[in-house]
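Hi everyone, thanks for coming. Today I'd like to walk you through one protein model, so please have the picture open as I talk.

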Amino acid sequence: MAAGAGDWRRALAEARACTHCASVLPLEPKPILQVDPHARILIAGQAPGRRAHDAGIPFDDASGDRLRAWLGVDRDTFYDARRIAIVPMGLCFPGTAKGGDLPPLAACAPLWRTRLLNLMPEIQLTLVIGRYAQAWHLPEAGDVTAAVTGWRAHWPAVVPLPHPSPRNQAWLKRNPWFAADLLPRLRERVAELVG
Ligand code: SF4
């Protein structure tokens, strides 16, 4: 059953106020997510980066620009929670290590993920980005390349994607079918849903 307006607003406020990992996070807890019960597309990503933490805006960077291009949507559409929800596996910036950001905080998804996703009964397309989100949403799908290569198995409800980071340029070059086959279908599907 769909959550009432008070229910989802309360759950979102509670998630945004979460400090569960304060003792292990490198910065203050700052959950960054976009939720609305009318959303039809869910972006299931990894965790906010430092720039998202500072700005309080998810995907406001080169990765976001590439993701919007993949989806064929502009910023207004992307940041319209009534159309597109954004709930990463870890809601707070986890810190960095050599070579990139640390994994999402393991405690986060068990605490929040099911509760938040249950607030959005109209989701018809879940974009599962990167290995941490794929391990949760598509646990049988294998590594990122195997999961994305097998995208037709989950179509049209779930679409596994590689991370849109510029660091993934080599993967995109090795897998030209991704841009040639998957992305045109994905753009059509997104256009239907955000219409
Ligand atoms: S990562 Fe998740 S569980 Fe940890 S403080 Fe942030 S919102 Fe809370």
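Let me begin with charged side chains. A search of the whole structure turns up 8 salt bridges. Please keep in mind that this is a predicted model.

Let's visit a few of these pairs. In the first stop, Arg 10 and Asp 7 meet through their side chains in a salt bridge, 2.9 Å from N to O. Both residues sit in helix α1, 3 residues apart, which is about one turn of the helix.

Now please find helix α3. Asp 65 forms a salt bridge with Arg 68, and the closest N and O atoms are 2.9 Å apart. These two are 3 residues apart in helix α3, so about one helical turn separates them.

Next stop: Arg 82. Its side chain meets that of Asp 80 in a salt bridge, at 3.1 Å from N to O. Arg 82 counts as exposed, at 54% relative accessibility, while Asp 80 counts as buried, at 14%.

You will find Asp 36 in the loop between α1, residues 5–16, and β1, residues 41–44. Asp 36 is buried, yet it has no salt bridge. Why does Arg 82 not count as a salt-bridge partner for Asp 36? Arg 82 is the nearest side chain of opposite charge, but it is 5.7 Å away, and a salt bridge needs the nitrogen and the carboxyl oxygen to be within 4 Å. A polar atom of its side chain lies 2.8 Å from the backbone nitrogen of His 38. Leaving out residues up to four places away in sequence, Asp 36 touches Trp 8, Ala 81, Arg 82 and Met 120.

Two spots in the backbone are worth a look as well. Where is there a cis peptide bond? One joins Trp 155 and Pro 156, with omega at about 5°. Pro 156 is in the loop between α7, residues 144–149, and β6, residues 158–161. The other spot is Phe 59, which has a positive phi of about 55° although it is not a glycine. Phe 59 belongs to the loop between α2, residues 50–55, and α3, residues 62–71. At 14% relative accessibility, Phe 59 counts as buried.

Let's zoom out to finish. The protein chain has 9 helices and 6 strands. For its 195 residues, a compact globule would have a radius of gyration near 16 Å, and the chain has 16 Å, so the two agree. The C-alpha trace spans about 40 × 40 × 35 Å along its principal axes. Of the 195 residues, 47% count as buried. Among contacts between residues at least 6 apart in sequence, 73% join residues at least 24 apart. Finally, the chain exposes about 9,500 Å², with carbon and sulfur atoms supplying 52% of that.

Notes
Residues are numbered from 1 along each chain as its sequence is written. This is a predicted model: local features need pLDDT of at least 70, side-chain atom pairs count only at pLDDT 80 or more; totals for chains, interfaces and linings use all residues. Side-chain values use heavy atoms; hydrogens and water are left out. Helices (H or I, at least four residues) and strands (E, at least two) are DSSP runs, numbered from the N terminus. Buried means under 20% relative accessible area, exposed over 50%, partly exposed in between (1.4 Å probe, protein chains only). Lys and Arg count as positive and Asp and Glu as negative; His and the chain ends are not counted. A polar contact is a pair of N or O atoms within 3.5 Å; within protein, one must be able to donate a hydrogen and the other to accept it, and residues adjacent in sequence count only if both atoms are side-chain atoms. Contact means heavy atoms within 4.5 Å. The radius of gyration is taken over C-alpha atoms; the globule rule is 2.2 Å times the number of residues to the power 0.38. Accessible areas come from the Shrake-Rupley method with a 1.4 Å probe; for residues, only the protein chains shown count as cover.
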